[in-house]
Amino acid sequence: MKKLNIDKQEKSKVSIIFSKPFNKLNKEEKKEVLKIGAKDFSKRFANVIRELAKT
Amino acid sequence: MEDTQIDLPTESDLHWWIKYLTSTENSIFGLSDYLPAISDDWYQGVMNVVGVLNLPHYNKLNLYEMGACLFYKVNKAHNQIDSNKRSSIIVTFLFFLINSRLLYPPKKVKDWAKMIARSKGRAREDWWESRLAEFFKQNTSTIKD
């Protein structure tokens, strides 16, 4: 299973916020999901986004 | 049923998503300089595609098929969205994220974006989306920790 590429502090929040459907989360929890996801995406996809920007 | 509910991103989700992708905290990864030019038109273009997927015709799709439709349609929406290949990846990652799935691996996702962009017009759209849905099924993981 692929794991989120995030730090320890964020991992503690993941099991709570990802255990509920996104549309059942409150605004702050939704923002937390997006914030954690953005960090993972930035780490893992930065290279391919950079490559595509140059094509 | 809750466990089969598919969430599509709202405009608010999209704004927050871009805000975090371009945040100072994430600037160390060097992504910000290579994102598409994000404008009101870009948001509108993406939300137009999302609006299509909210139509009853798409109700029966499973998560992977829905992700494939989103990826394909953003990739091909040249008249509404700039930087389509990058936009399709950014928006589809968000889609899977809000459905508690992680999309990987980046290089293969990039290859799909390029292959679809190179394909002629919208020829064989169903075929592309079907193959892409299978790819997503094999290359997304449930987010647990």
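This is a predicted model: local features need pLDDT of at least 70, side-chain atom pairs count only at pLDDT 80 or more; totals for chains, interfaces and linings use all residues.
1. **Extent of the interface.** The two chains meet through 37 residues of chain B and 35 residues of chain A. Together they bury about 3700 Å². Carbon and sulfur atoms account for 72% of that area.

2. Two salt bridges cross between chain B and chain A. One of them can be named here: Glu25(B) pairs with Lys39(A). Their closest N and O atoms are 3.5 Å apart. Polar contacts between chain B and chain A number four residue pairs, counting pairs with both residues at pLDDT 80 or more.

3. Helix α4(B) gives the largest share, with eight residues. By class, this side of chain B holds 20 nonpolar, six polar and eleven charged residues.

4. **Salt bridges overall.** Over all chains, the whole structure contains eight salt bridges. Side chains of opposite charge can pair when their charged atoms come close. Within chain A, Glu29(A) pairs with Lys20(A), with 3.4 Å between the closest N and O atoms. Lys20(A) is partly exposed, at 33% relative accessibility.

5. **Lys73(B) and Glu125(B).** The side chains of Glu125(B) and Lys73(B) form a salt bridge, 2.5 Å from N to O. Glu125(B) sits in helix α6 (residues 125-138) of chain B and Lys73(B) in helix α3 (residues 63-76) of chain B, so this pair ties together parts that are 52 residues apart in sequence. Are these two residues buried or exposed? Glu125(B) counts as buried because its relative accessible area, 16%, is under 20%. Lys73(B) is buried as well, at 8% relative accessibility.

6. **Lys73(B) and Glu129(B).** Lys73(B) also meets Glu129(B) in a salt bridge, at 3.4 Å from N to O. Here again helix α3 of chain B carries Lys73(B) and helix α6 of chain B carries Glu129(B), so the pair ties together parts that are 56 residues apart in sequence. Glu129(B) is buried, with 9% relative accessibility.

7. **The network in chain B.** Which residues belong to the network of salt bridges? Lys73(B), Arg122(B), Glu125(B) and Glu129(B) are linked in it. Of these, Lys73(B) lies in helix α3 of chain B, and Glu129(B) lies in helix α6 of chain B.

8. **Thr92(B), a buried polar side chain.** Thr92(B) lies in helix α4 of chain B. The relative accessible area of Thr92(B) is 0%, so this residue is buried. Where does its side chain reach? The side chain of Thr92(B) comes to 2.6 Å from the backbone oxygen of Ser88(B). Leaving aside residues up to four places away in sequence, Thr92(B) touches Gly67(B), Leu70(B), Phe71(B), Leu103(B) and Phe136(B).

9. **Points to look at in the model.**

Methods:
Residues are numbered from 1 along each chain as its sequence is written. Chains are lettered from A and ligands numbered from 1 in the order in which they are written. Side-chain values use heavy atoms; hydrogens and water are left out. Contact means heavy atoms within 4.5 Å. Buried area is the accessible area (1.4 Å probe) that two parts lose on being put together, summed over both. A salt bridge is a side-chain nitrogen of Lys or Arg within 4 Å of a carboxyl oxygen of Asp or Glu. A polar contact is a pair of N or O atoms within 3.5 Å; within protein, one must be able to donate a hydrogen and the other to accept it, and residues adjacent in sequence count only if both atoms are side-chain atoms. Helices (H or I, at least four residues) and strands (E, at least two) are DSSP runs, numbered from the N terminus. Ala, Val, Leu, Ile, Met, Phe, Trp, Tyr, Cys and Pro count as nonpolar, Asp, Glu, Lys and Arg as charged, and the others, Gly among them, as polar. Buried means under 20% relative accessible area, exposed over 50%, partly exposed in between (1.4 Å probe, protein chains only).
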